[in-house]
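Please read this briefing alongside the sequence and the model. The points below are grouped by topic.

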Amino acid sequence: MSGDDGTPGNSGYGKKAFKRSRSHFADRITADGRDGWPVEAGRYRLVVSRACPWASRALVSRRLLGLEDALSLAVADPVQDDRSWRFTLDPDGRDPVLGIRYLGEAYDRRETGYPGGVSVPAVVDVPSGALVTNDYQQITLDLATEWTALHRPGAPDLYPRALRDEIDEVMAGVYEDVNNGVYRAGFATGQEEYEEACAGVFRRLEQLTPRLERQRYLVGDTITEADIRLFTTLVRFDAVYHGHFKCNRWKLTENPVLWAYVRDLFQTPGFGDTVDFDHIKRHYYQVHTGINPTGIVPLGPDLAGWLTPHHRQELGGRPFGEGTPPEPVRAEEEVPARGRP
């Protein structure tokens, strides 16, 4: 998430036609190191914002796979300035491992004068301080398939080979109409553009509803990458997309199937314990001044419902397959109380 659609800083959101840029830095960190970046415990640092749905995918994957010791974590301030993601949550405003104030400094060490936006998730090479990749579509797939030697005992298979074609098909539709569709609606500059994107969001959600009415997870009977990608948009839906992005045909809480599905995931270790509603709301409403010029952050919605019974276990399914839940979240990575239900 960034101004990588070409907008001139925060005030530009909603004033130009929205187009999500492809990740410019698409090197991969692999078991065999074929791109020059071998999987190695402690070598890389994952930079995220808890506000960003694309970065939150990596947060969930890292937790589920038990990569906390192998891949350290930097959490950026949810409120960007025009230089983008900054480390003002850390002492002295610097990331304690990389020693930088802005994520853009790691981009500059990789490519001086890079003209694109500074986005998260980003993986930085700690020894050099240079960005390795900001390929949000590939990072989590590689965590699941290339980092297996460093997975925790009992880690789930989030991208099972036998189901990859179906997972890819489901994820493609979810990306086009839901993950990216809410942004196309929210940053639309004309009525027709908005209506087309908004209609696509709800059309896809309505197509997914009967599927999830009969099965607990999107593909197969375990959690996969497809569920992670849908979850990170749905968990933000009523808090920001319904109002701020005008995706308001109905609230998620008004769709009994999807509301139960996302609560099921939220209550699964590795999902809800990575979510910070305070960061989410402050980022969207305070950063996107082009569409919310007052910067006022709404008080709602009420978060109490996230921990209510969902009864999805009645559909069967095995959340972690043959594996086990991750260990409790560490104190240093725990979401502050004001960001939780």
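Which helix gives the most to the lining of the largest cavity? Helix 3 (residues 136–145) does, with four residues, where helices (H or I, at least four residues) and strands (E, at least two) are DSSP runs numbered from the N terminus. This is a predicted model, in which local features need pLDDT of at least 70 and side-chain atom pairs count only at pLDDT 80 or more, while totals for chains, interfaces and linings use all residues. Residues are numbered from 1 along each chain as its sequence is written, and side-chain values use heavy atoms, with hydrogens and water left out.

**Cavities**

- There are three cavities of 30 Å³ or more, a cavity being a set of points on a 1 Å grid over the protein atoms alone where a 1.4 Å probe fits but cannot get out.
- The largest cavity holds about 90 Å³ of space, a volume being the space filled by probe spheres set on the points, which are joined across faces, edges and corners.
- Its lining is made up of 13 residues, and Ile29, Val123, Thr133, Ile139 and Asp142 are the ones that lie nearest the centre of the cavity; lining residues have an atom within 4 Å of a point.
- By class, this lining has seven nonpolar, two polar and four charged residues, where Ala, Val, Leu, Ile, Met, Phe, Trp, Tyr, Cys and Pro count as nonpolar, Asp, Glu, Lys and Arg as charged, and the others, Gly among them, as polar.

- Four strands form an open sheet in the order 2-1-3-4 with mixed pairing, and two strands pair if DSSP finds at least two bridges between them.
- Strand 2 (72–75) and strand 4 (130–133) are the edge strands, each pairing on one side only, and the twist from one strand to the next averages 35 degrees.
- Strand 3 (residues 122–125) and strand 4 run antiparallel and are joined by three bridges; in strand 4, Leu131 is the bridge partner of Val124, and Ala130 stands opposite Asp125.

**Helix packing**

- Helix 1 (residues 53–65) packs against helix 7 (residues 225–234) at an angle of about 135 degrees, with their axes 9 Å apart; axes are lines fitted to C-alpha atoms, for helices over the stretch in contact, and angles run from 0 to 180 degrees between N-to-C directions.
- Helix 1 and helix 7 are therefore oblique to each other, since angles under 35 degrees count as roughly parallel, over 145 as roughly antiparallel, 65 to 115 as roughly perpendicular and the rest as oblique.

**Backbone features**

- Most residues other than glycine have a negative phi, and most peptide bonds are trans.
- Val120 and Pro121 are joined by a cis peptide bond with omega about 5 degrees, and Pro121 is found in the loop between helix 2 (104–110) and strand 3.
- Gly300 and Pro301 are also joined by a cis peptide bond, with omega about 0 degrees, and Pro301 lies in the segment after helix 10 (277–287).

Terms used:
1 Å grid on protein atoms, 1.4 Å probe; cavity = no way out; pocket = protein on both sides within 12 Å on 5 of 7 lines; lining within 4 Å.
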